[in-house]
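Subject: Structure handover

Hello,

Here is the structure for you to look through. My notes follow below.

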Amino acid sequence: MFRKSMIGDLRFEHQYVPAEDYGLWSEFIAKSEFYNIPESLVRYRWHPGNISQTKEENLRIAEVAIKKRQLERLEIDSNDENSSYYVNAVSLKRKQNAEDIIKTIEASKVLKQKNDKLKVYNQAIFCEHIDRMIIRTIRNSKDHNTTFFKYVKNDSGYFNKISFLDKIIFYFKCQF
């Protein structure tokens, strides 16, 4: 909830349909203090006719465009050759190969450093979100091999953040 005057000149942008509300909130967060209530206050009815179901590809395209615009606040050009890895660092993308996950992890380190310097987002919340996405990405990897395991264990900085059970599962997936 907010006062209408707080929104200022922000509007829903047609280019982000069907995620124009997400685009508006991502702009609003940059102009004001913003809090997310951690509990559901409404129920959303899912059915095959939902725009989220029928326009899923358009939703993904809009989501990536919105996230690339957010990256510009961190001085990352949307045409940067690593932009997809930056987006993957803040979004869950399942079934990535090990090489792409490694690039995503390296991109996550850059994002954390840039945000720490520029103070665009709350650093603790930002890092917590990225860490959660990276851990889920590792867990949902398409590839499992010893080289990938060694990278995650020794170089990624994420191995100690993974739960004990997930470490065991990850280890065995990478061995066999």
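The axes of helix H2 (residues 20–31) and helix H4 (residues 56–72) come within 10 Å and cross at roughly 10 degrees. Axes here are lines fitted to C-alpha atoms, for helices over the stretch in contact, and angles run from 0 to 180 degrees between N-to-C directions. H2 and H4 are therefore roughly parallel to each other. Angles under 35 degrees count as roughly parallel, over 145 as roughly antiparallel, 65 to 115 as roughly perpendicular and the rest as oblique. Helices (H or I, at least four residues) and strands (E, at least two) are DSSP runs, numbered from the N terminus.

This is a predicted model: local features need pLDDT of at least 70, side-chain atom pairs count only at pLDDT 80 or more, and totals for chains, interfaces and linings use all residues. Residues are numbered from 1 along each chain as its sequence is written, and side-chain values use heavy atoms, with hydrogens and water left out.

Which residues meet between H2 and H4? From H2 come Tyr-22, Gly-23, Ser-26 and Glu-27; from H4 come Glu-63, Ile-66, Lys-67, Arg-69 and Gln-70. The residues of this contact (heavy atoms within 4.5 Å) divide into 2 nonpolar, 3 polar and 4 charged. Ala, Val, Leu, Ile, Met, Phe, Trp, Tyr, Cys and Pro count as nonpolar, Asp, Glu, Lys and Arg as charged, and the others, Gly among them, as polar.

Look at Glu-27 next. Glu-27 sits in H2. Its relative accessibility is 17%, so Glu-27 counts as buried. The cut-offs are under 20% relative accessible area for buried, over 50% for exposed, and partly exposed in between (1.4 Å probe, protein chains only). Leaving out residues up to four places away in sequence, Glu-27 touches Leu-10, Arg-69 and Arg-73.

Thr-146, Phe-148, Phe-149 and Val-152 in H8 meet Phe-170, Tyr-171, Cys-174 and Gln-175 in H9. The residues of that contact divide into 6 nonpolar, 2 polar and no charged.

Now the largest pocket. It holds about 1800 Å³ of space. Of its 33 lining residues, the closest to the centre are Trp-25, Ile-29, Phe-34, Tyr-35 and Asn-36. H2 gives the most to the lining, with 6 residues. The lining divides into 20 nonpolar, 7 polar and 6 charged residues. On a 1 Å grid over the protein atoms alone, a pocket is an open set of points where a 1.4 Å probe fits, with protein on both sides within 12 Å along at least five of seven lines; lining residues have an atom within 4 Å of a point. Grid points are joined across faces, edges and corners, and a volume is the space filled by probe spheres set on the points.

Some backbone details. A cis peptide bond joins Val-17 and Pro-18, with omega about 10 degrees. Pro-18 lies in the loop between helix H1 (4–7) and H2. Glu-75 has a positive phi, near 65 degrees. At 52% relative accessibility, Glu-75 counts as exposed.

Finally, the whole chain. The protein chain has 9 helices and 0 strands. Of its 176 residues, 35% count as buried.

Best wishes
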